[in-house]
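Let's take a walk through this model together, one piece at a time. Keep the structure open beside you as you read.

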Amino acid sequence: MRQASSSEAIDFPALPERPQKLRRVTTANAIFERLHADIVSLRMAPGMVLQEKRIAEEFGVSRTPVREALLRLSDGGLVDIFPQSGTVVSRVPVSAIPEAVVIRKALESTTVESAARIAEPRHIAQLDAIIARQKALAALGDASNFHEEDEAFHEAITQIAGYPGIWAILKTVKVQIDRARRLTLPALGRMDNVVHEHKVIRDAIAAHDVEAARAAMLHHLSAVIPDVAELRARHPDYFC
């Protein structure tokens with residue numbers, strides 16, 4: 001076979017196209033992310049019926065990627081699928097919350113200890129910016145965006161610690177906690193308390209005080225969920 005010279009263009013065979021599969025997977029993921037966010041934020045309340053046809057029409061797709069997204073949500077405990085009947089947003093399982101809190105304490109005490117050991121001024125500035133945004137949102141009573149900044153604060157600590165993968169694990173573990181927390185943040189003074197607790201954690205990290213950082217994080221996470229029994233009494237349709 002003749003070798004092509006450096007000045008000649010070489011025609012490589014075209015790769016086989018797989019656009020339909022790639023589009024379908026991407027669409028299923030987009031639907032999953034949208035529904036996941038709506039369920040965790042309680043924009044879709046426990047017990048709400050989800051109609052495949054309606055979701056497919058909203059996204060302009062067939063039912064196949066919708067079904068894939070719903071199956072993933074079911075695996076994550078966020079929807080209940082009843083064959084030949086329908087799909088509903090699941091209730092928050094009270095029994096899952098204590099274990100999730102234990103796991104979160106174990107992992108986040110580790111990340112905050114590491115962050116306290118190695119944090120640099122730029123990291124503290126990052127935490128300060130998040131806390132400032134939370135303070136402003138608390139003053140506005142914006143619980144939804146406040147929660148997003150709360151997530152950013154805890155994620156930032158895992159990144160400072162050098163363990164970003166832990167946050168991916170925590171997001172899955174704490175999903176039922178997050179749903180319950182959405183009911184607590186509007187409570188009078190709760191957002192202000194969170195800002196104060198975050199400031200204590202930030203100060204311990206800035207001081208490189210590992211023990212104080214751990215203690216502050218454990219105290220904060222112990223207050224993440226107040227009396228679950230009280231929440232269940234106030235919102236009986238949301239819990240099981």
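On the α4 side, Val 112, Ala 115 and Ala 116 meet Ile 201, Ala 204 and Ile 205 of α9.

A word on what you're looking at: this is a predicted model, where local features need pLDDT of at least 70, side-chain atom pairs count only at pLDDT 80 or more, and totals for chains, interfaces and linings use all residues. Residues are numbered from 1 along each chain as its sequence is written, and side-chain values use heavy atoms, with hydrogens and water left out.

Stepping back, the protein chain has eleven helices and three strands. Both kinds of element are DSSP runs numbered from the N terminus: H or I with at least four residues for helices, E with at least two for strands. In sequence order the pattern reads α-β-α-α-β-β-α-α-α-α-α-α-α-α. Of the 240 residues, 40% are buried, where buried means under 20% relative accessible area, exposed means over 50%, and partly exposed is in between (1.4 Å probe, protein chains only). Among contacts (heavy atoms within 4.5 Å) with a separation of 6 or more, 75% come from residues 24 or more positions apart.

Back in α4, which spans residues 96-118, you'll find Glu 113. Is this residue buried or exposed? Glu 113 counts as buried because its relative accessibility is 16%. Beyond its neighbours within four places in sequence, Glu 113 is in contact with Val 210 and Arg 214.

Now turn to α2, residues 52-59, whose buried residues are Glu 52, Ile 55 and Ala 56. Seen down the axis of α2, they fall within an arc of 100°, so they line one face of the helix; the arc is that of the directions from the helix axis to the C-beta atoms. The face turned away from that buried side carries the exposed residues Lys 53, Arg 54, Glu 57 and Glu 58. Ala 56 has a relative accessible area of 5%. Not counting residues up to four places away in sequence, Ala 56 touches Val 61, Ser 62, Arg 63 and Val 66. Ala 56 and Val 66 are ten residues apart in sequence, with their C-alpha atoms 6.3 Å apart in space. Just after α2, Gly 60 takes a positive phi of about 70°.

Backbone angles are worth a look elsewhere too. Most residues other than glycine have a negative phi. Leu 42, in the loop between α1 (19-40) and β1 (49-50), has a positive phi of about 70° although it is not a glycine. Leu 42 is buried, at 17% relative accessibility. His 208 also has a positive phi, of about 55°, and sits in the loop between α9 (190-206) and α10 (210-222). With a relative accessible area of 42%, His 208 is partly exposed.

Finally, the charged end of Arg 72 sits over the ring of Phe 32, 3.7 Å from its centre. To count, NZ of Lys or CZ of Arg must be within 6 Å of the ring centre and within 35 degrees of the ring normal.
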